[in-house]
Amino acid sequence: MVKIRMARGGRKNRPVYTIVATNSLSLLNGKLLKKLGQYDPKANEAIKFVNVEGIKTWLGKGAQLSDTVRTLLKNNKITL
């Protein structure tokens, strides 16, 4: 099953999360299918880039949003 979730990057005490489509059985920072956006919790503009059309495409193929990504998109008023 494909999940749309967040993969952690960045450095110590300065995380940057990438919103990715990945197989649910792969590791958190393992092989990914597609990068769909980026979230920086410590920046003024937290969400730098979100590919809404890409997320809609993956959801149409049967992918599921993780709870964290769903809440993040909802709080930033990004509609799918």
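Biologist: Which residue of E2 is the bridge partner of glycine 10?
Modeller: Proline 15. This is a predicted model, in which local features need pLDDT of at least 70, side-chain atom pairs count only at pLDDT 80 or more, and totals for chains, interfaces and linings use all residues. Residues are numbered from 1 along each chain as its sequence is written, and side-chain values use heavy atoms, without hydrogens and water.

Biologist: What makes E1 and E2 a pair?
Modeller: Two strands pair if DSSP finds at least two bridges between them. E1 and E2 have 10 bridges and run antiparallel, so they qualify. Strands themselves are DSSP runs of E, at least two residues; helices are runs of H or I, at least four; both are numbered from the N terminus.

Biologist: How do you know that E3 pairs with E2 and with E4?
Modeller: By the bridge count again. E2 (residues 14-23) and E3 (residues 34-39) share 5 bridges, antiparallel. Alanine 21 faces lysine 34 of E3. E3 and E4 (residues 47-50) share 3 bridges, also antiparallel. Here tyrosine 39 is opposite isoleucine 47 of E4.

Biologist: What is the strand order of the open sheet?
Modeller: E4-E3-E2-E1-E5, 5 strands with mixed pairing.

Biologist: Why are E4 and E5 called edge strands?
Modeller: Each has a single partner strand, so one side of each lacks a neighbour in the sheet. E5 covers 64-65.

Biologist: How do you know that H2 packs on the sheet?
Modeller: H2 touches E1, E2, E3, E4 and E5, contact meaning heavy atoms within 4.5 Å. Its direction makes about 80° with that of E1. Axes are lines fitted to C-alpha atoms, for helices over the stretch in contact, and angles run from 0 to 180 degrees between N-to-C directions.

Biologist: Why is asparagine 75 called exposed?
Modeller: Its relative accessible area is 56%. Exposed means over 50%, buried under 20%, partly exposed in between (1.4 Å probe, protein chains only). So asparagine 75 is exposed. This residue lies in H2 (residues 67-75).

Biologist: What makes a set of residues a nonpolar core?
Modeller: The members are buried Ala, Val, Leu, Ile, Met, Phe, Trp, Tyr and Cys residues, joined through side-chain atoms within 4.5 Å. The largest such core has 15 residues; Ile4, Ile19, Leu36, Ile55 and Val69 have the most contacts inside it. E1, E2, E3, E4, H1 (52-60) and H2 each give two or more residues to this core. H2 gives the most, 3 residues.

Biologist: Which residues does isoleucine 4 contact, leaving aside neighbours within four places in sequence?
Modeller: Among them are Ile19, Leu36, Ile55, Trp58 and Val69.
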